[in-house]
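Hi there,

Here is the structure I promised to pass on to you. Have a look at it first, and then read on for what turned up.

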Amino acid sequence: MTHSLTALPTEILFQILLCVPPSSIPLLQQVCRKFNDLSQPLLWQQHCCTHFKYWKSEHDITAKYAQSAAEVDWKQIFQQRHLADIAISRDLEDILSSQTGRIKRSERIIAHGYDAKDTLLRHLNVPDDAEDVLARRYYSDAVLGGVHRAKAIEEWVKLREGQPVSLERALAAFDQFVLHDWEGDLDEVSRIYGDLVQPLVTRV
């Protein structure tokens, strides 16, 4: 009996693609034409969700996830994040390899905002037996701290300029100075504060 990928149900083929590295998907689609019949937007949406947890506000990612997958160019979004990940990793490697230009490269990473957090956490959590484990963890943590502090300052600048900022976000900005390698971002910490305050507000 001859077995073929084309004989598999679409749902199984979709799960296979989810397990394949995104960079290999185009090649796999060339091998098996049936892979091209799968829902491409949904596939790339799942890869965005799986590979990246933190997103800078410009992506408006929560609103995009609420839309139908077909309404969003998820492949382009994934490609943008993937290229950012490469650029951030390259700058971090340069920081580790040379003392020259460390501040400039750090500022360049920080400019990515929360798009840099997934990448920095990956480098920060390298195995204990990695050759440059101490230096990699130190500089990853230092730059990630810069990302967090930059977000806090953004909120406080809004306050100074008279823009509306909730009490929860203003308080959450303080937490960004001690967040380090912990999970969470400004929005998540703000929601935690909101959940804590809500019972008190309800009683009043």
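A word on charges to begin with: Lys and Arg count as positive and Asp and Glu as negative, while His and the chain ends are left out. By that count, the protein chain of this predicted model carries 23 positive and 29 negative side chains. The centres of the two sets are 3 Å apart.

Now the overall build. Along the principal axes, the C-alpha atoms fill a box of roughly 70 × 55 × 30 Å.

Taking contacts between residues at least 6 apart in sequence, 59% join residues at least 24 apart.

One residue I would like to point out is glutamine 176, in the loop between helix 9 (167-175) and helix 10 (186-203). Is glutamine 176 buried or exposed? Its relative accessibility is 1%, and buried means under 20%, so glutamine 176 counts as buried. Its side chain makes a polar contact of 3.0 Å with the side chain of tyrosine 114. Leaving aside residues up to four places away in sequence, glutamine 176 also touches His148, Arg149, Ala152, Asp185, Leu186 and Val189.

Best wishes

How values were computed. Residues are numbered from 1 along each chain as its sequence is written. This is a predicted model: local features need pLDDT of at least 70, side-chain atom pairs count only at pLDDT 80 or more; totals for chains, interfaces and linings use all residues. Side-chain values use heavy atoms; hydrogens and water are left out. Contact means heavy atoms within 4.5 Å. The place of a charge is taken as NZ of Lys, CZ of Arg, CG of Asp or CD of Glu. Helices (H or I, at least four residues) and strands (E, at least two) are DSSP runs, numbered from the N terminus. Buried means under 20% relative accessible area, exposed over 50%, partly exposed in between (1.4 Å probe, protein chains only). A polar contact is a pair of N or O atoms within 3.5 Å; within protein, one must be able to donate a hydrogen and the other to accept it, and residues adjacent in sequence count only if both atoms are side-chain atoms.
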